[in-house]
Amino acid sequence: MARTRPPYPVTFRRQLVELVRAGRTPEELSREFEPTAQSIRNWVEQADIDEGRREDGLTSLEREELRRLRRENRQLRQEREILAKAAAWFARETGSIPPEGSNS
């Protein structure tokens with residue numbers, strides 16, 4: 001199983017983005033600091049999108065909203081499924097509908 005580490009602090013990521021913009025390469029920074037060169041490139045790309053320098057992706061705020069909406073959607077689906085099962089159970093218990101498996 002792959003090892004994971006806690007996310008790097010936002011200030012650290014910002015500093016590395018600024019170093020790339022100042023002319024250092026992600027590979028050079030990767031050797032000096034811990035993150036991979038690809039992680040640093042990803043941070044630069046996301047910073048460019050957030051700052052309006054690029055328009056080919058979602059901003060961090062849009063990504064967070066999308067995560068929140070997906071989580072909320074999943075919760076609502078679960079609640080709807082529970083309510084549907086409860087309604088069916090109550091209908092069977094009160095005799096409103098024939099029990100499952102009957103041929104009526």
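This is a predicted model: local features need pLDDT of at least 70, side-chain atom pairs count only at pLDDT 80 or more; totals for chains, interfaces and linings use all residues.
I started with Phe-33: at a relative accessible area of 30%, this residue is partly exposed.

**Overall layout**

I counted the secondary structure next and got 4 helices and 0 strands. Read along the sequence, that gives α-α-α-α. Then I checked the dimensions. The C-alpha atoms fill a box of roughly 80 × 35 × 20 Å along the principal axes. The radius of gyration is 25 Å, whereas a compact globule of 104 residues would have one near 13 Å.

I also looked up how much is hidden from solvent. Buried residues come to 16% of the 104 in the protein. The accessible surface is about 8700 Å², and carbon and sulfur atoms hold 53% of that. For contacts with a separation of 6 or more, I noted that 28% join residues 24 or more positions apart.

**Aromatics**

How many aromatic pairs does the structure hold? I found 4. I wrote down two of them, starting with Tyr-8 and Trp-43: the ring centres are 5.5 Å apart and the planes sit at 70°, so I logged this pair as edge-to-face, the cut-off being over 60 degrees. This pair links distant parts of the chain, since Tyr-8 is in the segment before helix H1 (10–21) and Trp-43 is in helix H3 (residues 37–50), 35 residues apart.

Are these two buried or exposed? Tyr-8 is buried at 15% relative accessible area, and Trp-43 also counts as buried, at 16%.

Back to Phe-33, which pairs with Phe-12. That pair is edge-to-face, with 6.0 Å from centre to centre and 80° between the planes. Phe-12 belongs to helix H1 while Phe-33 is in the loop between helix H2 (26–32) and H3, so the pair ties together parts 21 residues apart in sequence.

I then checked how these rings group, and Tyr-8, Phe-12, Phe-33 and Trp-43 form one aromatic cluster. Tyr-8 has a charged neighbour too: Arg-5 lies over the face of its ring, 3.8 Å from the ring centre.

**Nonpolar core**

Which residues make up the largest nonpolar core? I listed 10 in all: Tyr-8, Phe-12, Leu-16, Val-17, Val-20, Leu-29, Ile-40, Trp-43, Val-44 and Ala-47. H1 and H3 are the elements giving two or more residues to this core. As background, nonpolar side chains tend to be buried together in soluble globular proteins.

I picked Val-20 from that list and looked up its contacts. Leaving aside neighbours within four places in sequence, Val-20 is in contact with Pro-26, Leu-29, Ile-40 and Val-44.

Glu-27 is in helix H2. I have this residue down as partly exposed, because its relative accessible area is 37%, between the 20% and 50% cut-offs. Not counting residues up to four places away in sequence, Glu-27 touches Ala-37 and Arg-41.

Last entry is Gln-46, in helix H3. Gln-46 is buried, because its 18% relative accessible area falls under the 20% cut-off. What does Gln-46 touch, not counting residues up to four places away in sequence? I found Leu-58, Thr-59, Ser-60 and Arg-63.

Technical notes: Residues are numbered from 1 along each chain as its sequence is written. Side-chain values use heavy atoms; hydrogens and water are left out. Rings of Phe, Tyr and Trp (its six-membered ring) pair if their centres lie within 6.5 Å; planes under 30 degrees apart count as stacked, over 60 as edge-to-face and the rest as tilted. Buried means under 20% relative accessible area, exposed over 50%, partly exposed in between (1.4 Å probe, protein chains only). A charge sits over a ring if NZ of Lys or CZ of Arg is within 6 Å of the ring centre and within 35 degrees of the ring normal. A nonpolar core is a set of buried Ala, Val, Leu, Ile, Met, Phe, Trp, Tyr and Cys residues joined through side-chain atoms within 4.5 Å. Contact means heavy atoms within 4.5 Å. The radius of gyration is taken over C-alpha atoms; the globule rule is 2.2 Å times the number of residues to the power 0.38. Accessible areas come from the Shrake-Rupley method with a 1.4 Å probe; for residues, only the protein chains shown count as cover.
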